[in-house]
Amino acid sequence: MDKKIVLFLFFACIVFCSFAQTIKSPDEFLGYPLGSKYTPHYKIVNYFKYAVAAMPQVMKLDQYGETNEGRPLLLAYIATPENLAKLDDIRKNNLRLTGMLTDQPGNTNAPVIVWLSYNVHGNETSSSEASMKTLYELLNPANNATKEWLKNTVVLIDPCINPDGRDRYVNWYNSVVGKNANPDKQSREHMEPWPGGRTNHYNFDLNRDWAWQTQKETQQRLKMYNQWMPQVHVDYHEQGYNNPYYFAPAAQPYHEVVTQWQRDFQVTIGKNNAKYFDSNGWLYFTKEEFDLFYPSYGDTYPIYSGAIGMTFEQGGGSRSGSAVIIDNGDTLTLKDRIAHHFTTGMSTLEMASQNKEKLMKEFSNFFINEKNNGIGEYKSFVVTDVNSNKINALKRMLDGNNILYSNAVINNAKGFNYFSGKEESFSAANSLVVSTYQPKGTLVKVLFEPKSKLVDSATYDITAWSLPYVFGLQAYAVKEKITITPYVAKQTTAAVPETSYGYLVNYTSFEEAKFLAALLNAGIRVRFAEKDFMLNGKKFMRGTLIVLKKGNETKLAEFAAAAQKFNANVTAISTGFMESGNDFGSAKTHFINQPKVALVTGKGTDAGAAGELWHLFEQELDYPLTLINADDFTNLSLKNIDVIILPNGNYKFLSDKEPLADLKTWVRQGGKIIALENAVNQMANGDWGLKVKKEDEEKDKKDEPKVSYADVKPYEENEHEYIKNTIAGAIYKLDIDNTHPLAFGYPNYYFTLKQDDKMYEFLKEGWNVGIIKKDSKVAGFAGSKVKDKIKDGTAIGVQEYGQGSIVYFSDDPVFRCFWENGKLMLSNAVFFVGQ
């Protein structure tokens, strides 16, 4: 027989056998029906690995990373055999449509890429279960509908974005549930303990981290996302179990950059979802609660990156267990929840497939418009700040989002000065420029715009995040397209020279705080200058770190290595005699004792607030931190602790007589408390020294406004009446006393993110380091009844208490670990205050 015929028959046999392959359903593979119990993460991984082994002609599986606790992060690709064979070509073509790949033009006659993300909140567990059912039906040879859809689509499935949180919940639930699930909501299986499974290992909400990428899981996932840039992205969630299912179209406010096409196609998918829900008699709602504004969600980030981004919310969550009796008397089961999520997934794929041509054309047009026209009122954002470490921190975030930046060519320009709030002329030469004429131009506008426009104040999250305020960088927003040249990084610090006496290190960014932490960890003796001084004709600012050779002889190599690692600006010196200012033997030069720091966690604390501090110390400062449970506080020995950090929370020991007395004694004997947010409010309502600022309760009768018919409001306005008394994460400018060690490294102002209207009286016996004056809001929403309250008070203060001290932060200085400019101040509170 001819060899060609033999080969043909051989390959034909392989193809026939591959199409004849079958795959077990999740029920068959797991040994129990989906929805009858919760599936641990490793079994979900095992099913996906089994599926790719069973159906390699239509499925590929990558492990794109792992979690803090070592669990794998997976991404599955499902396509027709023809498309799977050229999967990377499809990916590259998609990048050509965005302009991220420029080797040749992109082709819109290509498959739509649909990315389905499951279980970003660990205790919203039904979606990972649904991911297995969705995968099976896409691979099932008997499912003719999905075979048709896959002719036009490539489907990406991330079965569990947050495996650590999921397993925290599932392992707990499986340990407390009985032989049969108890639907009585009072049963213990509906009472998840602190911190809950919603968040990742460090108690971060990964659904609010897309743009900021502070977390390991997000960094690894976004690297993959930006290599694919899908046309459709669905983020699966759960909400309170009494709520019916939510799907797009989203609620207002929509950010103004959301295109009409994106809005319209959300309606298209919503109507198709509704068709299937109607046929099953299932309840749902749209256009309420879940808006498209904050840029770091799993729906908004894709939308600002050209996709149709959507959130789907099933009633359920941690308090539903696997069965719960809801308020109308029905029993909601895990099986029901899986069915609903599976249905919206299939419906979305159907609509993506049927509308392939329009989706691909509009996706391409989105990026053509950015390239040709830029986006928004301001076309260029120019960072003129000279602090290289702060600029490097910004660049790391931009790189993580595939945002391009360049150097300015022109010398003189005019733009909006973020810090003064005015249009001003400035010198732009060699400054870093981020333009909206680029593939991520829409995201650039959203992240950099000085003030976002809100068409409806009933938003789900913070309303201000402009990056120059977040990073504390002098910058200008310019309405014109600025002439640019490829970015050239400034030269990093040179090798540390030899010294006969010691070294001085400028202290102006969080990078220097990390450098200081490294020195203390290495046992290097460090001092800091309380006041400015002059040496060899050069001025050194207060807060300058001083490392003398005497006492550190064996540590100089470690000092030099740390200086290189953290890009420290080091000056070698040969004398301790200053031309002006205090000599190094002065009482104004302070030795930094290495503090032993404890963070209060556990029941009563805000898990996210505690988690961000835990993450800051472990992953950024790399400084030892002891976690203590609030419930154990009365039994603790505080003698080996120097600093206690109280994150946002409500603490029993701050109101109980005996532990409160012990805590005060500890502070008087030299301890230090760093209190944040509601912990400040608790202390202000106690007998510590700080006082809550009261509104004027007695008003002259003649000044009281008269009640009229205009004050009679219809019931339908009740939500917006409530909003008048709220503040949705607005940015305020504080006046800063940068002569105090808490504010070393800062100018005389600081931008804080306010999330409540709590105000505090000026400290009479202490230091009002950060104060809010009238009309200090620079961006974001504050209700009409809140605006007048936020003025003339202390936001950041330091109080001496016996031999110890208390640091008060009324706002969170390290909010979600993306508020970069507050990290230095938190570090100062630990290392400088009280020294």
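This is a predicted model: local features need pLDDT of at least 70, side-chain atom pairs count only at pLDDT 80 or more; totals for chains, interfaces and linings use all residues.
**View 1. The largest pocket and what lines it.** This pocket comes out at about 990 Å³ in volume. Its lining takes in 47 residues, and D385, V386, N387, S388 and T508 sit nearest the centre. The top contributor is α14, with 6 residues. Sorted by class, the lining has 19 nonpolar, 21 polar and 7 charged residues.

**View 2. Helix α5 crossing helix α9.** Here the axes of α5 (residues 87-98) and α9 (residues 216-228) come within 7 Å and cross at roughly 80°. Angles of 65 to 115 degrees count as roughly perpendicular, so that is how α5 sits relative to α9. On the α5 side, look for L87, R91, N94 and L95; α9 brings N226, Q227 and W228 to the contact. That gives a contact of 3 nonpolar, 3 polar and 1 charged residues.

**View 3. An open sheet of 5 strands.** Reading across, the order is β25-β20-β24-β21-β26, and the pairing is antiparallel. At the edges are β25 (570-573) and β26 (589-591), each with pairing on one side only. From one strand to the next, the twist averages 30°. Zoom in on β21 (residues 527-529) and you'll find 3 bridges tying it to β26, with the two running antiparallel. A529 is the residue that stands opposite T589 of β26.

**View 4. Helix α18 over the sheet strands.** Spanning residues 556-565, α18 lies across β20 (502-505), β24 (545-548) and β25. The helix runs at about 20° to β20.

Terms used. Residues are numbered from 1 along each chain as its sequence is written. Side-chain values use heavy atoms; hydrogens and water are left out. On a 1 Å grid over the protein atoms alone, a cavity is a set of points where a 1.4 Å probe fits but cannot get out, and a pocket is an open set with protein on both sides within 12 Å along at least five of seven lines; lining residues have an atom within 4 Å of a point. Grid points are joined across faces, edges and corners, and a volume is the space filled by probe spheres set on the points. Helices (H or I, at least four residues) and strands (E, at least two) are DSSP runs, numbered from the N terminus. Ala, Val, Leu, Ile, Met, Phe, Trp, Tyr, Cys and Pro count as nonpolar, Asp, Glu, Lys and Arg as charged, and the others, Gly among them, as polar. Axes are lines fitted to C-alpha atoms, for helices over the stretch in contact, and angles run from 0 to 180 degrees between N-to-C directions. Angles under 35 degrees count as roughly parallel, over 145 as roughly antiparallel, 65 to 115 as roughly perpendicular and the rest as oblique. Contact means heavy atoms within 4.5 Å. Two strands pair if DSSP finds at least two bridges between them.
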